[in-house]
Amino acid sequence: MRKFQIAVIGYNGDSCSDEARALAYETGKEIAKAGAVLVCGGLGGVMEAACRGAKDAGGTTVGIIPQDDFSHANKYCDIVVCSTIGFARDFIVASSADGIVAVGGGVGTLTELSIGYMMKKPMAAVAGSGGIADSYGGKYLDERKRVQIKVAKNPAEAVKIVMPKG
């Protein structure tokens with residue numbers, strides 16, 4: 001049986017705050033504890049911290065990187081997909097997840113949330129993590145109200161929001 005897959009999206013290494021890193025690490029741990037697979041963009045910042053948290057809790061991680069060389073992935077990725085398509089890899093990250101958790105983030109995070117929104121995936125934004133997560137948490141991305149980006153008080157609540165009920 002296929003495992004539930006949760007994408008953790010957010011800041012890359014160049015703009016990631018210590019707070020966002022800590023929240024991403026805890027999010028990764030919670031994903032592993034829930035028995036889900038962590039999917040991310042495979043690089044630094046939130047992605048690396050989440051992968052490290054998942055690994056520390058015995059989980060499995062998938063990094064979908066924009067480059068064509070495995071060496072670009074962070075060292076906590078179990079499985080690396082070299083997409084070779086640059087920023088367009090955001091489509092693969094979001095569409096490869098059953099649920100999405102945002103921790104901070106910039107325009108790439110907004111792209112991934114938009115894809116999740118169009119696909120009606122359950123999404124959560126970790127409150128207090130900054131960036132796109134704080135700007136769009138609690139909102140719909142347009143007047144169609146396809147799916148609300150839920151606000152989570154903490155990483156454990158974020159994972160609970162996106163996991164299947166029951």
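Modeller: This is a predicted model. Start with Asn 74, which sits in the loop between strand S3 (60-65) and strand S4 (79-82).

Colleague: Is Asn 74 buried or exposed?
Modeller: Asn 74 has 8% relative accessibility. The cut-off for buried is under 20%, so Asn 74 counts as buried.

Colleague: And what does Asn 74 touch, leaving out residues up to four places away in sequence?
Modeller: Gly 42, Leu 43, Met 47, Glu 48 and Cys 51.

Colleague: Which backbone nitrogen lies 2.8 Å from a polar atom of the Asn 74 side chain?
Modeller: That of Tyr 76.

Colleague: New topic. Which residues of helix H6 (residues 155-162) are buried?
Modeller: Pro 155, Ala 158, Val 159 and Val 162. They cover an arc of only 95° around the axis, so they lie on the same side of H6.

Colleague: What covers them?
Modeller: The cover for the buried residues of H6 includes helix H1 (18-33). It also includes strands S1 (5-10), S5 (99-103), S6 (123-126) and S7 (149-152).

Colleague: How do H1 and H6 cross?
Modeller: Their axes come within 8 Å and cross at roughly 45°. That angle makes H1 oblique to H6. The crossing is right-handed.

Colleague: Which residues make that contact?
Modeller: From H1, Leu 23, Glu 26, Thr 27, Glu 30 and Ile 31. From H6, Pro 155, Ala 156 and Val 159.

Colleague: Last one. What does a side-chain oxygen of Asn 154 reach at the start of H6?
Modeller: The backbone nitrogen of Ala 156, to within 3.2 Å.

Technical notes. Residues numbered from 1 in each chain as written. Predicted model: local features only at pLDDT ≥ 70, side-chain atom pairs only at ≥ 80, totals over all residues. Heavy atoms only, no water. Buried < 20%, exposed > 50% of the residue type's maximum accessible area, 1.4 Å probe, protein only. Helix = DSSP H or I, 4+ residues; strand = E, 2+ residues; numbered from the N terminus. Arc of directions from axis to C-beta. Contact = heavy atoms within 4.5 Å. Polar contact = N/O pair within 3.5 Å; in protein donor to acceptor, adjacent residues only side chain to side chain. Axes fitted to C-alpha atoms, helices over the stretch in contact; angles between N-to-C directions. Parallel < 35°, antiparallel > 145°, perpendicular 65-115°, else oblique. Left-handed = near helix turned anticlockwise from the far one by under 90°.
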